Amino acid sequence: MNHRRSSLNDDYPVNSVMEITIKPSNEKLTGLVYCTDDISNTIVLKKSVNYTTLASDIWVLNANSVLEKKVIVKEAPTAHSGTEADADVDEGVLELAMPLLNVSRESIEKREKRAIMLAEDSFKHINQKATPEGQVVFDRLLKACNEVVWKGESILVLNQIRVDPPYGSDNCRLIQNAGGDVVLNEGSLERVKRIVGAV
């Protein structure tokens, strides 16, 4: 028989105000359900605090420690409405009944894809054959020049300058068929030598 366990969010709806009694102390905690996590089996409660410089108290509870639970406000209002319904609810509860920001799955997926792309892009700049010193020189040149690639164990900068092992300023050379303005190329070479010499 396959029993599908319900999500914690079903039992503890995010953005609802709940009163939760926890064991072994039988302490009652009232707060906004900020989030739940099924993997760690935790519930995060948030309660605004007026008597300190802190904005709120946060409780991270293991769902197994809950003895009783009661929903006080099913969905937190976005603001005080000033109606009689608000008067029936404890002022402390109403204060913490502030909505969470809506986060769309699409925006999270975009951020994740961008982070993966940046991580994969940074892996392209690592050369397993190079010495640690060579990798440091490469990283410094990449930060300064942007257009830097590995060619074997040599570093190619702006398609004009090659830095060979052991990656010192004496190992920086202009590529013969780089073309372009000779004076500009010499200036680039001197800049690369200064960067490599500073590492």
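Analyst: A residue is called buried if its relative accessible area is under 20%, exposed if it is over 50%, and partly exposed in between, with a 1.4 Å probe and protein chains only. By that rule, buried residues make up 31% of the 199 residues in the protein chain. The model is a predicted one, in which local features need pLDDT of at least 70 and side-chain atom pairs count only at pLDDT 80 or more, while totals for chains, interfaces and linings use all residues. Residues are numbered from 1 along each chain as its sequence is written, and side-chain values use heavy atoms, with hydrogens and water left out.

User: How many helices and strands are there in the protein chain?

Analyst: Helices (H or I, at least four residues) and strands (E, at least two) are DSSP runs, numbered from the N terminus. The protein chain has 6 helices and 9 strands.

User: Which strands does strand 1 join?

Analyst: Two strands pair if DSSP finds at least two bridges between them. Strand 1 runs antiparallel to strand 2 (residues 27-37), with 6 bridges joining them; E19 stands opposite T30 there. The hairpin of these two strands has 4 residues between the strands, and N26 takes a positive phi near 60° in it. Strand 5 (residues 66-73) is also antiparallel to strand 1 and is joined to it by 6 bridges, with M18 opposite V71.

User: What does the span of helix 5 tell me?

Analyst: The expected span of a helix is 1.5 Å times one less than its number of residues. Helix 5 (residues 132-145) has 14 residues and reaches 20 Å from its first C-alpha to its last, close to the 20 Å expected.

User: Which residues of helix 5 are buried, and why are they on the same side?

Analyst: The buried residues are G134, Q135, V137, F138, L141, L142 and C145. They lie on the same side of helix 5 because they cover an arc of only 160° around the axis, the arc being that of the directions from the helix axis to the C-beta atoms. The face turned away from the buried side carries the exposed residues P132, E133 and K143. Among the elements that cover the buried residues are strand 6 (148-151), strand 7 (154-157) and helix 6 (182-198). Just after helix 5, N146 takes a positive phi of about 70°.

User: Where is I175, and which residues does it touch?

Analyst: Contact means heavy atoms within 4.5 Å. I175 sits in the loop between strand 9 (172-174) and helix 6, and is partly exposed, with a relative accessible area of 21%. Not counting residues up to four places away in sequence, I175 touches L156, N159, Q160, I161 and R162. The C-alpha atoms of I175 and N159, 16 residues apart along the chain, are separated by 7.8 Å.

User: How many disulfides does the count come to?

Analyst: A disulfide is a covalent bond between the sulfur atoms of two cysteines. The rule applied here asks for a pair of cysteine sulfur atoms within 2.5 Å, and the count comes to 0 disulfides. C145 is buried, with a relative accessible area of 12%, and C172 is buried at 4%.
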